[in-house]
Amino acid sequence: MKKIPTLFGYGLTTKAIAKSLGGGCTIFDDNVKETSVDEAGNQILPSHLFDPEASELEVTTPSLKPDHPLIKSARNLLSEYDYILGSSEHRAQSKFMEALQSVANQQHSSLERQKPFTIWISGTNGKTTTTQMLTHLLEKRGAVSGGNIGTPLAELDAEAPIWVLETSSFTLHHTRIASPNIYLLLPITPDHLDWHGTPEEYEADKLAPLRTMREGELALIPKGLNVPSTPAYVVEYDSNAFLEEYFDLDATQVAFRGAFLQDALLALAITKVLFDEADYGLINAFKLDGHRQEKIEDAQGRVWINDSKATNLDAAIQAIKGFKGQKIHLILGGEDKGVDLAPLFEVMQRCDIRIYTIGANNDRLLDLARTYGIEAHEAKTIDKAVAAIDREHTRDSVALLSPAAASFDQFKSYKDRGETFIRLVKAL
């Protein structure tokens with residue numbers, strides 16, 4: 001039986017853990033001003049009341065920063081992944097071939113039930129799409145997905161043979177025991193520097209699973225990173241062409257383009273490794289989420305692209321590259337999390353582009369536009385940006401919302417931002 005932990009943060013992850021334990025847990029949260037008890041019998045307390053001397057085990061919500069007082073004072077800290085997947089029982093049987101054999105033989109009920117075979121997917125951009133694509137490909141084999149994608153590990157089907165887990169850099173930073181059977185890292189660019197501190201620390205957290213992986217387990221990572229010593233089998237990729245050759249894939253049979261093509265090839269690479277199959281018909285049947293390069297036509301037949309989920313630098317760069325050769329009207333801005341925006345402006349210098357700045361980093365974007373010689377219009381808000389583009393947009397150009405920033409300065413979420421954009425365009 002698992003030891004009952006003290007929980008940090010009253011959110012989705014910790015509520016799910018408390019529920020799995022039958023309630024009655026102790027939870028500390030920054031937003032709580034006085035002690036209360038919720039409907040499940042959990043005691044919710046202000047963070048400053050935490051006493052490390054009175055706690056034998058702590059499990060944190062992923063979002064708490066390394067310098068948070070709760071994290072710094074904890075003496076027995078685990079991540080959600082450590083608590084759910086990091087038991088000695090799981091590690092003892094998690095060698096790649098043993099776990100794979102369990103998956104391959106899952107239909108034989110006489111076999112003793114193993115822990116789920118876990119595939120962790122991380123990266124700066126595209127991890128949600130790749131997680132969804134891979135789960136789509138493996139659904140017929142009983143795969144379920146969760147983690148950062150929305151379903152906490154404590155709520156995932158423990159009987160499912162395969163767990164495909166979208167894994168954030170926050171979770172990876174706090175995880176010390178658990179590790180995947182397969183780790184797929186998508187390309188990374190500096191992100192969440194307000195949380196990690198430096199690009200080097202961000203990269204180190206993204207590579208952290210390799211330190212606890214075992215011989216025979218697979219890590220598929222971008223080439224050129226500072227790879228730590230690991231007994232895992234590491235494959236470093238640098239292009240779609242490499243993925244095609246190494247895993248015997250054919251990109252011409254994949255319907256997706258741009259960044260989504262690489263996401264699809266990476267998902268197919270994993271099914272090649274596991275089951276020696278690449279089902280092109282199945283991957284082409286996958287439907288992308290909304291707010292990911294979503295095409296809209298207005299009443300005049302002009303094209304507008306809702307890419308509101310492009311909340312970081314790399315996502316916006318990939319979107320811009322996809323429309324190179326056309327005149328681009330780009331809505332840019334929001335909370336940029338302290339990243340260096342120079343690479344984005346260097347890409348824009350090679351394009352026929354005009355930016356329309358919105359959000360918290362409006363002034364910073366205007367300064368960079370002047371430095372790099374990019375034509376810019378100060379809109380400040382998305383409605384003014386759409387109105388300004390409306391005056392310049394033609395059927396030969398494309399209007400693109402790809403903000404390269406989080407939305408919380410002006411919107412409830414990236415979805416709220418995207419839905420606002422769609423509503424404004426449809427009202428033209």
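1. Leaving aside residues up to four places away in sequence, Ser 413 touches Ser 407 and Phe 408 (contact means heavy atoms within 4.5 Å). This is a predicted model, where local features need pLDDT of at least 70, side-chain atom pairs count only at pLDDT 80 or more, and totals for chains, interfaces and linings use all residues. Residues are numbered from 1 along each chain as its sequence is written, and side-chain values use heavy atoms, with hydrogens and water left out.

2. Ser 413 sits in the loop between β18 (397–401) and α17 (414–426). With a relative accessible area of 23%, Ser 413 is partly exposed (buried is under 20%, exposed over 50%, partly exposed in between, using a 1.4 Å probe and protein chains only). Trp 304 is 109 residues from Ser 413 in sequence and 20 Å away in space, C-alpha to C-alpha.

3. Now the helices. α6 (residues 127–138) packs against α11 (residues 259–275) at about 40°, their axes 9 Å apart. That makes α6 oblique to α11 (under 35 degrees is roughly parallel, over 145 roughly antiparallel, 65 to 115 roughly perpendicular, the rest oblique). The α6–α11 crossing is right-handed (the near helix is turned clockwise from the far one by less than a right angle). Among the contact residues are Met 133 and Leu 137 of α6, plus Phe 260 and Asp 263 of α11.

4. How many disulfides are there? The count comes to 0, taking a pair of cysteine sulfur atoms within 2.5 Å as a disulfide. Cys 25 is buried at 1% relative accessibility, and Cys 351 is buried at 14%.

Definitions and conventions. Axes are lines fitted to C-alpha atoms, for helices over the stretch in contact, and angles run from 0 to 180 degrees between N-to-C directions. Helices (H or I, at least four residues) and strands (E, at least two) are DSSP runs, numbered from the N terminus.
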